[in-house]
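Look at the model below before reading on.

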Amino acid sequence: MKLNYKRTFLIGFAFFGILLLWQVYDSWCPTFLTDIFARRFYGMSSADLKASDPNHILHVQWIVGIIMACDNLAALILLPLFGRLSDRTHTKIGKRMPYILVGTFVSAVAFPFIPLFFHNNNIAGMVAMMAIVLIFMMMYRNPAVALMPDITPMRAKANGSINIMGYIGGAFATVLGLFLVLSNYINAPDHERNLWVIELPFIIASVLMVISALVLFATIKENK
């Protein structure tokens, strides 16, 4: 048997979307939360609070750490749940593809609202959007991981190929951070904060996620 590299790399678009979104999420959202809680609790930006009282910024970061850890707690419940559901699903487009498509599109729509609510100092809206992205990415993740071994006999070699695609997605998010520097927004006075500095990485990630899901859907006929 020979590995079908073309098909394997096409399957890898699912991993491209996963790591792209999580890299943006993990790089930007902790700073958003730190800044917005610093404003809510102490009436100043995170940069000003850190300079004036290190103990207070540590208190804020402790709360942020708890919120950011919720994705790991949710994974304990949601990943097995959606994995089991996808195993029992049978549709015209396959058992994994419905979860990949729904998870991708809902996450992609909700994702750009995170920086928008942050910019408007809306904690409830921002945390709600983060929760929606978290839940639907969990819906996406297990079926996307299962798709490769479902249709690929040479799984060890295929795993290396799809991981390459995933890390390309993560690297792309890192490049976005080099050009759209978050600290330029956080350290700027309120009236000089440019929303597009923080909005563009999320919009670009969402668009690329949708494109990767459409490429996957158009090229991989799961049932066949």
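In this predicted model, the lining of the largest pocket divides by class into seven nonpolar residues, one polar residue and three charged residues. The pocket holds about 210 Å³ of space. Its lining residues include Phe15, Ile18, Leu19, Trp22 and Asp26, and also Asp71, Asn72, Ala75, Met138, Arg141 and Val145. Helices H1, H3 (54-87) and H6 each give at least two residues to this lining. H1 provides the largest share, five residues.

| Pocket | Space | Lining by class |
|---|---|---|
| Largest pocket | about 210 Å³ | seven nonpolar, one polar, three charged residues |
| Second largest pocket | about 170 Å³ | three nonpolar, one polar, five charged residues |

Next comes the helix pair. How do the axes of H1 and H6 cross? The axes of H1 (residues 5-42) and H6 (residues 123-151) come within 10 Å and cross at roughly 160°. Angles over 145 degrees count as roughly antiparallel, so H1 is roughly antiparallel to H6. The crossing of these two helices is left-handed. In the contact of H1 with H6, 26 residues are nonpolar, one is polar and three are charged.

Conventions: Residues are numbered from 1 along each chain as its sequence is written. This is a predicted model: local features need pLDDT of at least 70, side-chain atom pairs count only at pLDDT 80 or more; totals for chains, interfaces and linings use all residues. Side-chain values use heavy atoms; hydrogens and water are left out. Axes are lines fitted to C-alpha atoms, for helices over the stretch in contact, and angles run from 0 to 180 degrees between N-to-C directions. Helices (H or I, at least four residues) and strands (E, at least two) are DSSP runs, numbered from the N terminus. Angles under 35 degrees count as roughly parallel, over 145 as roughly antiparallel, 65 to 115 as roughly perpendicular and the rest as oblique. A crossing is left-handed if the near helix is turned anticlockwise from the far one by less than a right angle, and right-handed if clockwise. Ala, Val, Leu, Ile, Met, Phe, Trp, Tyr, Cys and Pro count as nonpolar, Asp, Glu, Lys and Arg as charged, and the others, Gly among them, as polar. On a 1 Å grid over the protein atoms alone, a cavity is a set of points where a 1.4 Å probe fits but cannot get out, and a pocket is an open set with protein on both sides within 12 Å along at least five of seven lines; lining residues have an atom within 4 Å of a point. Grid points are joined across faces, edges and corners, and a volume is the space filled by probe spheres set on the points.
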